[in-house]
Amino acid sequence: MQLGQQIVLEITDLNHAGEGVGRFSGLVVFVPFALPGERVRARVTEIKKNYARARPEKILSPSPDRVLPPCPSFGSCGGCQLLHLDYEHQLRFKNEVVENALSRLGKLKEIEVKPIWGMENPWHYRNKVRLHVAWEGRKPILGLYAPSSHVIGHRVDQNACHLLDEQLNALARALARLMRKHAEAFVGLTAVSLRLAAGTGETMVVLEGDGNHVEWKQFIKELTAATSVSTVVKVRARRKEEVLYGKGYITALLDGLSFRFSALSFYQVNYVQTSKLYSKVLEYASLSGREQVVDAYCGVGTIALFLARKAARVVGIEISPEAVALASVNAAQNGLNHVSFIKGAAEEVLPELLEREGAFDLVVLDPPRQGVKWAALESLAKARIPRVIYVSCNPATLARDLSFLSAQGYRVEEVQPVDMFPHTFHIECVAYLCR
Ligand SMILES: C[S@@+](CC[C@H](N)C(=O)[O-])C[C@H]1O[C@@H](n2cnc3c(N)ncnc32)[C@H](O)[C@@H]1O
């Protein structure tokens, strides 16, 4: 096989990233946007020792599960990987990814993986987007990068995104128009994020990088006159927030609670599915009102406050100082005064907390994609925490960590996948473990 060679192959499977898997001359070949059962003609783009990658040029015999992607940017935009696969089959694929991760990576057999909870309407669900700034001559353009590249593959002024909330699509278009008008202001800006708070409809524009502040003033004046944007914040190298307009945060409403979040604090991207995810956490928690609970990786305190409505005491742990400050405000605003928050890394704070006051009934973990550090996992068994709920956005690290906890004496009772990210390969899960 050679780079640039044209090959014809049968696709037999999908890998965890949603790419078609076939074989050519004995080598595994990944073909993005190809489906199992398809025969494709593709051009080799990468050759490694154990696998190759090829770009599809023609689908010679399409799968019956293939659908026409509604977005003209599909394939040239890195946002979606599964828009060509019928939604029912996307859900089936995701269940299989979770089952395979648990059995192959985690060596965990006989775990009950429930059928994934899909969306009734899997479109326009995203309340956040990070757009990149690129240049077309002296004019800035705004869009999403092509897969594995730093080239814009989807321009927001040309097409609306089918995953993004329509309010944010409209804001992105208005922004792109004004950016071209105030091109000077955008020299030095690398990205612009847009966020929307459900329930209140408040929106935030986050400018990343540096630029001409005098020009920004005029740009922001025109932006806020032309749109209903609530706040504009600047962050430099994604570290410190500087409020340029409005309050610097927006407030979302979810199932009777309100949550403030800011430019640098995490907030789940899909409101409909977040409500289902948190209801599952609450169901697994099955609180009576007497329990003491830890919510590790608590963000702005969302799960902590959901649980606090039914628990005696909740302690949240979070590394981001912005998020911890907002979590405390959120607790106070929701009248939940038996919740406290500790700023720090879970792998340091959790072992200390459990050693100091071991009497917690339940620990919730909701780490980023890298999963939980072993020091934190070990401390659960050491403190004999009876029940653990693990929320994960990465089946591979979930499998690794559940395997570790199994070896430490925990039994994985059930795993519920939730489709937080339709049309992409990303999968959210919530797992329930008992000692
Ligand atoms: C997936 S988010 C979950 C947030 C929250 N549970 C929610 O549902 O909105 C993970 C959070 O963990 C925080 N984080 C990342 N590394 C951490 C660490 N080592 N210790 C504590 N928190 C961490 C991030 O800042 C982020 O807020």
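Biologist: What share of the contacts in the protein chain with a separation of 6 or more comes from residues 24 or more positions apart?

Modeller: Such residues account for 62% of those contacts. Two residues are in contact if their C-beta atoms, placed from the backbone, lie within 7 Å. This is a predicted model: local features need pLDDT of at least 70, side-chain atom pairs count only at pLDDT 80 or more, and totals for chains, interfaces and linings use all residues. Residues are numbered from 1 along each chain as its sequence is written.

Biologist: What are the parts of the protein chain?

Modeller: There are domain 1 (6–66), domain 2 (99–119 + 270–434) and domain 3 (128–251). The bounds come from an automatic or database domain assignment. Domain 1 and domain 3 have C-alpha centres 36 Å apart. The chain also has nine helices and 21 strands. Helices (H or I, at least four residues) and strands (E, at least two) are DSSP runs, numbered from the N terminus.

Biologist: How do you know whether Ile59 is buried or exposed?

Modeller: Count the other C-beta atoms within 10 Å of its own: 20 or more is buried, 12 or fewer is exposed, in between is partly exposed, with C-beta atoms placed from the backbone. Ile59 has 20, so it is buried. Ile59 sits in strand E5 (residues 51–61). Leaving out residues up to four places away in sequence, Ile59 touches Ala34, Glu38 and Val40. Across the whole chain, 45% of the 435 residues count as buried.

Biologist: What is Lys139 called, buried or exposed?

Modeller: Lys139 has 12 C-beta neighbours inside 10 Å, so it counts as exposed. Lys139 is in strand E7 (residues 139–145). Lys139 touches Arg180 and Ala183, not counting residues up to four places away in sequence. Lys139 and Val40 are 99 residues apart in sequence and 39 Å apart in space, C-alpha to C-alpha.

Biologist: What makes Arg177 count as partly exposed?

Modeller: Arg177 has 15 C-beta neighbours inside 10 Å, so it gets that label. Arg177 lies in helix H2. Arg177 and Leu223 are 46 residues apart in sequence, but 9.7 Å apart in space, C-alpha to C-alpha.

Biologist: Why is H1 called oblique to H9?

Modeller: Two packed helices are described by the angle between their axes and the distance between the axes. Axes are lines fitted to C-alpha atoms, for helices over the stretch in contact, and angles run from 0 to 180 degrees between N-to-C directions. Under 35 degrees is roughly parallel, over 145 roughly antiparallel, 65 to 115 roughly perpendicular, and the rest oblique. Helix H1 (residues 87–105) and helix H9 (residues 395–407) pack at about 40°, with axes 9 Å apart. That makes H1 oblique to H9. Among the residues in the contact are Val97 and Leu105 of H1, and Pro395 and Leu402 of H9.

Biologist: What makes H7 roughly parallel to H8?

Modeller: The axes of helix H7 (residues 346–356) and helix H8 (residues 374–382) come within 7 Å and cross at roughly 20°. So H7 is roughly parallel to H8. The contact includes Leu350 and Leu354 of H7, and Ala375 and Ser379 of H8.

Biologist: Which residues meet in H2 and H3?

Modeller: Ala174, Leu175 and Leu178 in H2 meet Phe219, Glu222, Leu223 and Ala226 in H3. Helix H2 (residues 166–181) and helix H3 (residues 213–226) pack at about 150°, with axes 10 Å apart.

Biologist: What is the phi of Lys107?

Modeller: Lys107 has a positive phi of about 55°, although it is not a glycine. Most residues other than glycine have a negative phi. Lys107 lies in the loop between H1 and strand E6 (128–136). Lys107 has 11 other C-beta atoms within 10 Å, so it is exposed. Asp255 also has a positive phi, about 45°, and is not a glycine. With 13 C-beta neighbours inside 10 Å, Asp255 is partly exposed.
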